Amino acid sequence: MPSPCNKLKLLRKAAKPPITIRALAEAIDMPASSYAFYEDMNRFKKKYLPLELTRKIAAVLMNHQINPEDILALSGLTSYELKTEISAIRQIMPPIQFVKMNMALPNETLLTEMFEDLLADLDLNAPKKEIAHNLAQHLPEALSDTARKIPDKIH
């Protein structure tokens with residue numbers, strides 16, 4: 001069986017949005033040099049990657065459109081074990097949204113106005129969880145609207 005190093009490197013490079021060795025290492029709470037060891041087939045000589053490492057990498061790259069099964073397979077798991085591991089990862093991973101916006105961060109005045117506008121439409125006597133959920137739903141649109149108030153010459 002070929003070394004898992006090249007496959008790991010190819011999967012990381014295929015991530016969308018792209019992720020560097022340093023960023024991936026930081027996401028799994030490991031020094032970049034330690035992570036790089038696992039992508040270097042001249043240094044990492046084992047047949048399989050450590051399971052705990054593949055769990056962490058799979059959890060991160062899953063949010064970068066990489067199939068977690070492809071990462072976990074590098075640890076030598078059977079098909080049944082892969083399904084169990086993927087199920088466990090999906091249960092603990094918080095859902096996230098990737099939003100790509102080309103914008104400058106609004107200054108304090110514009111942000112204050114944005115939050116005032118958001119709060120104006122809310123029942124502030126509602127439970128905090130409901131208010132927070134409403135703010136979370138409307139924040140991306142409010143940020144986009146606020147970005148339009150920034151002069152073009154700054155962009």
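Predicted model: local features only at pLDDT ≥ 70, side-chain atom pairs only at ≥ 80, totals over all residues.
1. Nonpolar core. The largest nonpolar core holds 26 residues, and those with the most contacts inside it are Leu8, Leu24, Ile57, Leu61 and Ile71. At least two residues of this core come from each of H1, helix H2 (21-27), H3, H4, helix H5 (68-72) and H6. The largest share is that of H4, with six residues. As background, nonpolar side chains tend to be buried together in soluble globular proteins.

2. Contacts of Ile71. Which residues does Ile71 touch, leaving aside its neighbours within four places in sequence? They are Leu8, Leu11, Thr54, Ile57, Ala58, Leu61 and Ile66. Among these, Leu8, Ile57 and Leu61 are also listed with Ile71 as having the most contacts inside the core.

3. The model has three salt bridges. One of them joins the side chains of Glu39 and Arg12, at 2.6 Å from N to O. Because Glu39 lies in helix H3 (residues 32-39) and Arg12 in helix H1 (residues 4-13), the pair ties together parts that are 27 residues apart in sequence. Both Glu39 and Arg12 are buried.

4. Arg55 pairs with Glu52, and their closest N and O atoms are 3.0 Å apart. The two residues are three apart in helix H4 (residues 51-61), so about one helical turn separates them. Arg55 is partly exposed, with a relative accessible area of 28%, and Glu52 is partly exposed at 43%.

5. Glu85 is buried, with a relative accessible area of 14%. Through shared partners, salt bridges join Glu52, Arg55 and Glu85 into one network.

6. Cis peptide bond. The bond from Lys16 to Pro17 is cis, with omega near -5°. Pro17 sits in the loop between H1 and H2.

7. Positive phi values. Asp29 is not a glycine, yet has a positive phi of about 60°. Asp29 belongs to the loop between H2 and H3 and is exposed, with a relative accessible area of 72%. Gln65, likewise a residue other than glycine, has a positive phi near 65°. Gln65 is placed in the loop between H4 and H5; this residue is exposed, with a relative accessible area of 65%.

8. Largest pocket. The space in the largest pocket is about 220 Å³. Two elements give two or more residues to the pocket lining: helix H7 (108-120) and helix H8 (128-147). H8 gives the most, with six residues.

9. Pocket lining. The residues that line the largest pocket are Met114, Asp117, Leu118, Asp121, Leu122, Asn134, His138, Glu141, Ala142, Asp145, Thr146 and Lys149. How many of the lining residues are nonpolar, polar and charged? Four are nonpolar, three polar and five charged. The charged residues of the lining include Asp117, Asp121, Glu141 and Lys149.

How values were computed
Residues numbered from 1 in each chain as written. Heavy atoms only, no water. 1 Å grid on protein atoms, 1.4 Å probe; cavity = no way out; pocket = protein on both sides within 12 Å on 5 of 7 lines; lining within 4 Å. Points joined across faces, edges and corners; volume = space filled by probe spheres on them. Helix = DSSP H or I, 4+ residues; strand = E, 2+ residues; numbered from the N terminus. Salt bridge = Lys/Arg side-chain N within 4 Å of Asp/Glu carboxyl O. Buried < 20%, exposed > 50% of the residue type's maximum accessible area, 1.4 Å probe, protein only. Core = buried A, V, L, I, M, F, W, Y, C linked by side-chain atoms within 4.5 Å. Contact = heavy atoms within 4.5 Å.
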